[in-house]
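Keep the structure open while you read.

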Amino acid sequence: MKAEFRDDYIKIGLKISYYRKLRSLTQAQLAEILGCEVSFIGQIEAPNVYKAISLDTLFRIAKALDIPAYKLLYFEN
């Protein structure tokens, strides 16, 4: 797996975790909404794990969290 955007994927995972918690959802609840395994959400959110996701997955997560997808992709310096 190419690691060119490793840090960006980690930032996306941290943002997913932030917005999930802001909505008072557990990883299990988000996984159920998305129809995926809890371990998949855990891998995405883990700050020490590089887990690439597709745009389809990113859009589905944003929809489940009721936020625009760009919020997961905008990184402040």
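## The core

Start with the largest nonpolar core: it has 17 residues, and the ones with the most contacts inside it are Ile16, Ile53, Ile61, Leu65 and Leu72. A nonpolar core here is a set of buried Ala, Val, Leu, Ile, Met, Phe, Trp, Tyr and Cys residues joined through side-chain atoms within 4.5 Å. Two or more residues each come from helix 1 (6–22), helix 2 (27–34), helix 3 and helix 4 (55–65). Helix 4 gives the most, with four residues. In soluble globular proteins, nonpolar side chains tend to be buried together.

Take Ile53 as a way in. Leaving out residues up to four places away in sequence, Ile53 touches Tyr9, Ile12, Ile16, Phe40, Ile44, Leu58 and Ile61; contact means heavy atoms within 4.5 Å.

## What you are looking at

This is a predicted model, so local features need pLDDT of at least 70 and side-chain atom pairs count only at pLDDT 80 or more, while totals for chains, interfaces and linings use all residues. Residues are numbered from 1 along each chain as its sequence is written, and side-chain values use heavy atoms, with hydrogens and water left out.

## Overall build

The protein has five helices and zero strands, so the pattern along the sequence reads α-α-α-α-α. Both kinds of element are DSSP runs numbered from the N terminus: helices are H or I with at least four residues, strands are E with at least two.

For 77 residues, a compact globule would have a radius of gyration near 11 Å, and the protein agrees with 12 Å. That radius is taken over C-alpha atoms, and the globule rule is 2.2 Å times the number of residues to the power 0.38. The C-alpha trace spans about 30 × 25 × 20 Å along its principal axes. Of the contacts with a separation of 6 or more, 61% are between residues 24 or more positions apart.

Buried residues account for 32% of the 77. Buried means under 20% relative accessible area, exposed means over 50%, and partly exposed is in between (1.4 Å probe, protein chains only). The accessible surface comes to about 5,100 Å², with 53% of it belonging to carbon and sulfur atoms; areas come from the Shrake-Rupley method with a 1.4 Å probe, and for residues only the protein chains shown count as cover.

## Helix 1 and its cover

The 17 residues of helix 1 should span 24 Å at 1.5 Å a residue, and the end C-alpha atoms are 25 Å apart, which agrees. The expected span is 1.5 Å times one less than the number of residues. The buried residues of helix 1 are Ile10, Ile12, Gly13, Ile16, Ser17, Tyr19 and Arg20. Their cover includes helix 2, helix 3, helix 4 and helix 5 (70–73).

Arg20 counts as buried because its relative accessibility is 7%.

Glu45 sits in helix 3 (residues 38–45) and is buried too, at 6% relative accessibility. Not counting residues up to four places away, Glu45 touches Gly13, Leu14, Ile16, Ser17, Arg20 and Gln27. With Gln27 there is also a side-chain to side-chain polar contact at 2.8 Å. A polar contact is a pair of N or O atoms within 3.5 Å; within protein, one must be able to donate a hydrogen and the other to accept it, and residues adjacent in sequence count only if both atoms are side-chain atoms.

## Loops and other spots

Ser24 lies in the loop between helix 1 and helix 2, and has a positive phi of about 60° although it is not a glycine. Asp66, in the loop between helix 4 and helix 5, also has a positive phi of about 60° without being a glycine. Ser24 is exposed at 62% relative accessibility, and Asp66 is exposed at 63%.

Ala31 of helix 2 is buried, at 2% relative accessibility. Ala31 touches Cys36, Glu37, Val38 and Ile41, not counting residues up to four places away in sequence. In helix 4, Leu55 is exposed at 54% relative accessibility.
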